[in-house]
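Please read them alongside the sequence and the coordinates.

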Amino acid sequence: MDLTHILSLAGGLGLFLFGMKIMGEGLELVAGSKLRGLLEKLTSNPLLGVLVGVVVTGAIQSSSATTVMVVGFLNAGLLGLEQAVYVILGANIGTTVTSFLIGLKLNYLAPAAILLGVVMVMMFKKKMAQQSGMVIIGFGILFMGMDTMSSAMAPLRDIPEFAQLMVQFSNPVLGILAGAVLTAVIQSSSASVGIVQAMAASGVVGLGGVIYILFGQNIGTCATALLASVGTNRAGKRAAMIHLLFNVIGTLLFIPITMFLPFVPFVESLSSDPKMQISLAHILFNIVVTLVMLPFSQLLVKLAARLVPGKESEYEEMRLHFLDERILQTPPIAVAQVVKEVERMARIASRNFKLAVRVFFKPDKELRQQIRQNERVLNFLNHSITRYLVKIHALDLMEADNRLIGSMFHVINDLERVGDHAENILEYSEQFDGELPFSSGAMEELKDMCERVQQIIDQSIAFFLEHKPNKEASDTIISAEEEIDDLVLTLRSHHVARLNALECSPEVGITFVDILTDLERVSDHATNIMYAAFDDVCA
């Protein structure tokens with residue numbers, strides 16, 4: 001094998017990986033909001049969960065990426081581990097789509113596909129057509145890379161040393177290790193399986209020589225999710241562990257099947273094409289293991305809990321739960337993830353206001369610490385999400401996603417301000433060391449005002465979380481905010497009367513007015529959140 005073949009192999013590998021990347025990104029953009037919608041359907045229904053895992057992974061062509069997203073959902077408490085396990089099982093089936101496409105004899109279509117894709121990108125103005133063109137271009141480049149690699153590898157058939165090396169990989173331990181390392185380095189089982197298919201197409205190896213490498217590739221794909229789970233809560237770590245357990249147990253199951261049963265001859269009898277044989281082995285492995293493990297999914301959850309023991313802290317953690325730089329490579333998923341992070345911030349802001357009001361009327365040292373921690377988390381999220389939004393805004397997004405990201409800038413700023421005013425309310429309580437010097441009338445007025453403000457916060461956040469235009473709900477929020485403005489004026493008048501009647505001191509009167517100001521501004525910021533969400537969906 002001379003330098004020309006080596007360079008040709010490197011170029012073919014580059015084309016193959018680039019084609020896979022272009023095709024995957026195009027599919028993500030075409031799927032857009034539909035892909036995000038599927039992520040919302042992560043239910044406790046086992047079959048639906050598996051189906052979601054299959055479809056999402058089939059679209060983005062990365063079981064690792066799907067598992068990373070599931071880790072994020074778990075980390076924020078929006079998904080239970082029992083639900084997540086079904087999606088992880090389905091993700092392993094979805095990742096076999098690329099290998100099946102490669103197994104089809106479509107190489108002759110590659111040049112025509114590239115030409116068609118380029119015409120669509122250059123001639124059509126609609127984004128959907130251009131994105132579909134990118135999928136077709138990626139498809140063509142992928143197959144051209146595959147052909148180039150296969151041709152470059154052909155001389156390896158005549159090198160005895162290489163043949164001896166491949167014989168070593170017939171050993172289960174060495175083969176599994178090689179497959180795991182290759183996939184962990186490339187960070188894509190689809191790509192590593194494609195490389196093995198290229199070797200098979202050149203006649204260098206047969207299915208029997210690489211079957212254990214295929215098993216190892218399923219283990220290697222867990223590396224990305226394991227890395228992503230570092231720094232997450234225990235549920236996130238357990239999800240990554242379930243992904244690893246699934247593939248390790250599956251591999252242990254298939255080693256004796258391959259050694260003592262005619263598994264390889266059976267697969268070879270299904271197709272005469274070496275590439276398709278490898279694809280079918282890959283597909284059968286993941287389908288069979290999924291069917292076997294599905295009834296024992298709860299045992300996987302329990303085993304993961306034993307391997308990653310402990311309980312979660314009640315305090316919010318100062319870190320991002322959903323956002324990861326790697327997700328920026330898949331714009332629709334990045335948009336979905338940043339929305340989830342903003343939703344988490346909204347829940348923290350709402351809860352912190354509620355806790356601050358509770359502590360104001362009934363002092364609690366433990367809750368005070370929790371409020372302070374939550375406020376620090378809100379400030380952190382405001383800065384971190386803003387930086388992430390700037391990066392997402394620079395990506396090639398659909399118009400609807402652009403509007404959504406634009407509205408997020410306003411929403412997180414208002415949520416952070418809600419947190420600031422909640423902290424002010426906490427400080428008023430600390431100012432009097434829990435002994436509130438207000439009259440009974442003033443206390444009742446404040447309680448009523450706080451309940452009204454909490455209601456408008458909940459309504460605005462619920463409106464934002466819906467992501468649907470609802471004129472009736474927006475009118476209700478606007479009307480409630482106007483009532484609060486009027487009520488503030490009324491309560492100030494009442495307090496002036498109490499001051500004149502010497503029912504409270506001037507110092508206390510100033511604090512009462514300050515509290516009213518904070519409550520009024522909280523309602524203003526909550527209403528701004530509604531306006532930002534309404535402008536997004538109605539633009």
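1. Cysteines. A disulfide is counted here as a pair of cysteine sulfur atoms within 2.5 Å. By that rule this model, which is a predicted one, has zero disulfides. Cys222 is buried, with a relative accessibility of 1%. Cys450 also counts as buried, at a relative accessible area of 7%.

2. Overall make-up. The chain contains 22 helices and zero strands. Of its 539 residues, 53% are buried. Contacts in the chain between residues at least 6 apart in sequence were also sorted by separation: 81% of them join residues at least 24 apart.

3. H6 against H7. Two packed helices are described by the angle between their axes and the distance between the axes. For helix H6 (residues 110-123) and helix H7 (residues 127-153), the angle is about 155° and the axes are 7 Å apart. Since an angle over 145 degrees counts as roughly antiparallel, H6 is roughly antiparallel to H7. H6 passes H7 in a left-handed crossing.

4. Residues between H6 and H7. On the H6 side, the contact includes Ala110, Ala113, Ile114, Leu116 and Gly117, together with Val118, Met120 and Val121. Among the H7 residues they meet are Ala129, Ser132, Gly133, Ile136, Ile137, Gly140 and Phe143. By class, the contact of H6 with H7 has 15 nonpolar, five polar and no charged residues.

5. H17 against H18. Helix H17 (residues 331-361) and helix H18 (residues 365-393) have axes that come within 9 Å and cross at roughly 155°. H17 and H18 are therefore roughly antiparallel to each other. The crossing of H17 past H18 is left-handed. The residues of this contact divide into 19 nonpolar, four polar and six charged.

6. H18 against H19. H18 also packs with helix H19 (residues 399-431), at an angle of about 165° and with the axes 10 Å apart. H18 and H19 are therefore roughly antiparallel to each other, and their crossing is left-handed. The contact of H18 with H19 has 11 nonpolar, eight polar and eight charged residues.

7. Gly53. Is this residue buried or exposed? Gly53 has 0% relative accessibility, and because buried means under 20%, Gly53 counts as buried. Gly53 is placed in helix H2 (residues 46-60). Leaving aside neighbours within four places in sequence, Gly53 is in contact with Val87, Gly90 and Ala91. From Gly53 to Ala84 the C-alpha to C-alpha distance is 9.4 Å, and these two residues are 31 residues apart in sequence.

8. Ser192. Where does Ser192 lie? Ser192 is in helix H10 (residues 189-201). With a relative accessible area of 0%, Ser192 is buried. Which residues does Ser192 contact, leaving aside its neighbours within four places in sequence? They are Leu182, Thr183, Ile186 and Gln217.

Key:
Residues are numbered from 1 along each chain as its sequence is written. This is a predicted model: local features need pLDDT of at least 70, side-chain atom pairs count only at pLDDT 80 or more; totals for chains, interfaces and linings use all residues. Side-chain values use heavy atoms; hydrogens and water are left out. Axes are lines fitted to C-alpha atoms, for helices over the stretch in contact, and angles run from 0 to 180 degrees between N-to-C directions. Helices (H or I, at least four residues) and strands (E, at least two) are DSSP runs, numbered from the N terminus. Angles under 35 degrees count as roughly parallel, over 145 as roughly antiparallel, 65 to 115 as roughly perpendicular and the rest as oblique. A crossing is left-handed if the near helix is turned anticlockwise from the far one by less than a right angle, and right-handed if clockwise. Contact means heavy atoms within 4.5 Å. Ala, Val, Leu, Ile, Met, Phe, Trp, Tyr, Cys and Pro count as nonpolar, Asp, Glu, Lys and Arg as charged, and the others, Gly among them, as polar. Buried means under 20% relative accessible area, exposed over 50%, partly exposed in between (1.4 Å probe, protein chains only).
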